[in-house]
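Q: Could we go through this model together? I would like to begin with the open spaces and then move on to other parts.

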Amino acid sequence: MRRCRIFSIAILVILLLNNSIVLANTGDEIYLIAKKTADTLGYSEGKIVGSQTSSKDNISTPYDLRPKYKDVIKKYSYYLTNNDKNFETYFITGFYEGFDRGYYDAIFIRTGNILVEPKFTYADAFGLLYGEIHAAHDYHNGYASNWSKAMPTDSTITELFSLGMETTSYRIYFLKLFKEKFKEGYVSGYEVSLQEPKNISLETGTSDGEELGSKLGIVYGAKDYYDKNSNNYNRNIPSDSDILTYYSLKKESPLYREGFLIGFKNSYEESYSKSFREANLNLKILDDVDGFDNGYDTGWIKGEIQATKDYTLKKASNWKTNSITNSNIIIEHYLLLKTDNYRQGFISGYWKGFSESYINTYNLLRQKDSLTKSTIVNISAIGGRGFSGDNGLLVQVDKGIFYNNVVLNIDTLSDNSYKLENKYIKASNYYRIDITNATNDYDNSIPITLEFEYFGKQNGGIYKLVNDKWAYLPSRINEGKISANVEARTLNSKSGTYVVLVDNEVPILYDIRGHWAKEEINTFIRRGIVNGYSDKTFRPDSSISRVEFLSILSRVYEWKITNDTENIKIFKDLEKFQTYENVISYAYHRKYINGYSDGTFRPGDYISYKEVEIIMQRVLGDENFNWYNIASRILTDKIIRCFSYDSNENKITRAELIYMLYSLNQWKY
C-alpha cells in the first residue's frame, strides 16, 4: 500500500511540474520536454511490470518486457498528435529509459524476502528524477542554475514519501541519499537543458545551409561550364553577408547562422565541382537520354495495349511475338527528323518500356483472374444466391429447395480447358458449379436458376458438359441476360460444368413457333437428337414411324451400334430403309421391339401409344412405366389433351414423343 501511495504521489507531482514546463514549449526545447514527459510515463509502466515480475523465479531483463514501439505510439497518441518525427523519437527514447529504470527499481523486492537496500533505491531514483525535473523547470522558466534553492525541504520530502511511518535511521538515510541524488540530477539536468537547444540549433542550421548551398552550386557549376569558364567555385559564391541577407538569417540565433554558413559554403563547393565535371558528359548524352526517356514512355503504353490484347485473346505471354519492327517505330514517330543519338536512344527506350510494360500488364491480368477463380457461398434453407468471381454467372437458389444449409461453390475454369466444335462460338467463361449438401435432402420440383451475361442473338444458349459433349439447356434471353433452370438433383452433392455458346448452325423451323412443345423440340434439335425436314418444318403434330422412333431412341440413349452384318438381314422389307438396318437390328436383338409374324418389320408404319409404352418398359427396364402418366403431365403442364385418352391404339405424335423422352431424361442435365 505504501509503495503504491508513493508512486501515486510521485506521478501527481511530476504532472504538476510538467504543467509548468509546458508553458515554456517553444522552438527546439519541445523535444527535451517530450523526452522528460515520456521518461516519467515509462518509469511508471516499468515499475508496474517489475512489481509483477518480482514474484517469479526467473526474472527477465526489461528489454524483453518493453511495450512494442507501435503500442507506445498508439497509447500516447495524444502527446504525439501534430508533432514531427524528432518529437516522436525523443518521446520513445525517454519512455524506454524511464521504463528500464522503473523496472529495475521494482524487482529488488522479492516475495518473503524484503531487503533494506531496495528501500534506499527509491531515494536514489526519486532524488535523481526530482533533480532533473526541477532543473528543467528552472531553465524553462528563466531561472539561474541553483540546486540548493530548488531542493525540497526535509519536511516536504518526509510528507511526500510518508517517511514519518518509517524508523528514524531509515528516514535519515533516505533524506541523505535523496538530497545527494537530487543535486546530481539537478546539475546534469540543467546542463542538458542548457546545451541541447544549442546543439539542435547548430545542427539544424548546418543541415539547412547544406541543402540550399548544394542547389546553388549545381546551377553555377553547370553555368560556368556552358559559359566556357574555368572550374572555380569562388567565382560566384555569395559572401557571408549576402547569404545572411538573402535567406533572412539575421533574425535567427547566432548558432543557427553559424551552422548555416558553414553548411552552405561547404556544400556549394562540393556540388559546384561535381556539376562542372558532369556538364561535359551530360552535354554529350543529353540527346541519348532524352530519346531513351521518350521512347520508354511510348513503349510502355504500346506494351500495355499489346499485353491486354494477347491476354484477352488467350495467347501465351510473349512480348517478342508482336509485329512491330524498328523501321515501323522510326516511321511512326518521325525519328528520321531526329539526330542519330536521339533515334538510337528512342528505340532502346521503346523496347525496354514495351517489354517491361507487357510483362507487368500480362501478369497483373493473370493475377486478377486467379483471384476470381473460385467463390464459396453458404446457402440457408430460405435460399440465396452466389456470383462467380468474375461476376459473369449468377446461381439463384430459391427457398424450399434445400431443407438445411448447403455450400455453393463456383469455379471459373481456364479458356483452354475444353475444345469446341467449329459451329460453336464461346460467349462466356467455363464454370464448374457444385453444391455440398450434408443431409442430401432436397425438393427437386423447384428449379435452380443459372443466369449469365449475354448480348448476342437468339442462337445463343446455355450448355452443360454431359458425357464429354456440350448439351443444350432450354434458355431464355432477355435484356442482356441468358438464363436456364436446372433440377436440384443435377447439382446436389455433385458438380456440373456450364458455358454460354452461340450455335451458328441452329435451324429455324417455322412450324414450332408457338407450339406447346416448342421448348422440348428446340432442345432436342440443339442437342442433335432430332432434325427438321428440308422444307424447314418439323411437323410436330404428325405421327411418327416405327423406324423414326427407334432412330431417336438410339440417339437419346446413346446405343453403341456396330456394323454387324450377320444381324442385319432379319426382316425382308428393309430395302428402302437400309440406313436404319443397324438400328433395327440393335433394338431387335435386345428385345426392345419385335417384327411381325409374316417376317416383316413395317418400319414406315406409324407407332401407337400402346407400342411406345411396351417398348419404353423394355428400354427402361421398368414394367411400371405407363404412357398415361406422361399424358397426364402434358395435360397439367401444357393444357393439351392427348389422343391416348380416346384410345391407346391411336398414333403418337412427334411432339408427344419428344416431350416424353425429354421428361424421362432431363435428370441427366
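Q: How does the lining of the largest pocket divide by class?
A: This is a predicted model. In it, the lining of the largest pocket has nine nonpolar, five polar and seven charged residues.

Q: And what is the volume of the largest pocket?
A: The volume of the largest pocket is about 600 Å³. It is lined by 21 residues, and those closest to its centre are Gln458, Val506, Lys518, Asn522 and Arg526.

Q: Which helix or strand gives the most to that lining?
A: Helix H15 gives the most, with five residues. H15 covers residues 518–526, and strand E10, at 475–478, also supplies at least two residues of the lining.

Q: Which residues line the largest cavity?
A: The lining consists of Phe524, Arg527, Ile529, Val556, Leu661, Tyr662, Asn665, Gln666, Lys668 and Tyr669. Six of these residues are nonpolar, two are polar and two are charged.

Q: Which helix gives the most there?
A: That is helix H20, residues 654–665, which contributes three residues to the lining of the largest cavity.

Q: What lines the second largest cavity?
A: Leu32, Lys36, Ala136, Gly189, Val192 and Ser193 line the second largest cavity. By class, they are three nonpolar residues, two polar residues and one charged residue.

Q: A change of topic: is strand E6 largely enclosed or open, and why?
A: Strand E6 spans residues 430–436, and five of its seven residues are buried, so the strand is largely enclosed by the rest of the structure.

Q: How many bridges join E4 to E6?
A: Seven bridges join E6 to strand E4, residues 406–413, and the two strands run antiparallel. Within this pairing, asparagine 409 stands opposite aspartate 434 of E6.

Q: And how many join E6 to E12?
A: There are four bridges between E6 and strand E12, residues 495–503, again in an antiparallel arrangement. Here tyrosine 431 stands opposite tyrosine 498 in E12.

Q: One more residue, then. Where is serine 357 placed?
A: Serine 357 is in helix H14, which covers residues 340–371.

Q: Is serine 357 buried or exposed?
A: Serine 357 has a relative accessible area of 0%, so the residue is buried.

Q: What is serine 357 in contact with, leaving aside its neighbours within four places in sequence?
A: Its contacts are Trp300, Gly303 and Glu304. In the case of tryptophan 300, the backbone oxygen lies 2.6 Å from a polar atom of the serine 357 side chain.

Q: And what separates the C-alpha atoms of serine 357 and glutamine 306?
A: The separation between those C-alpha atoms is 9.3 Å, although serine 357 and glutamine 306 are 51 residues apart along the chain.

Technical notes. Residues numbered from 1 in each chain as written. Predicted model: local features only at pLDDT ≥ 70, side-chain atom pairs only at ≥ 80, totals over all residues. Heavy atoms only, no water. 1 Å grid on protein atoms, 1.4 Å probe; cavity = no way out; pocket = protein on both sides within 12 Å on 5 of 7 lines; lining within 4 Å. Points joined across faces, edges and corners; volume = space filled by probe spheres on them. Nonpolar A, V, L, I, M, F, W, Y, C, P; charged D, E, K, R; others polar. Buried < 20%, exposed > 50% of the residue type's maximum accessible area, 1.4 Å probe, protein only. Pairing = 2+ DSSP bridges. Contact = heavy atoms within 4.5 Å. Polar contact = N/O pair within 3.5 Å; in protein donor to acceptor, adjacent residues only side chain to side chain.
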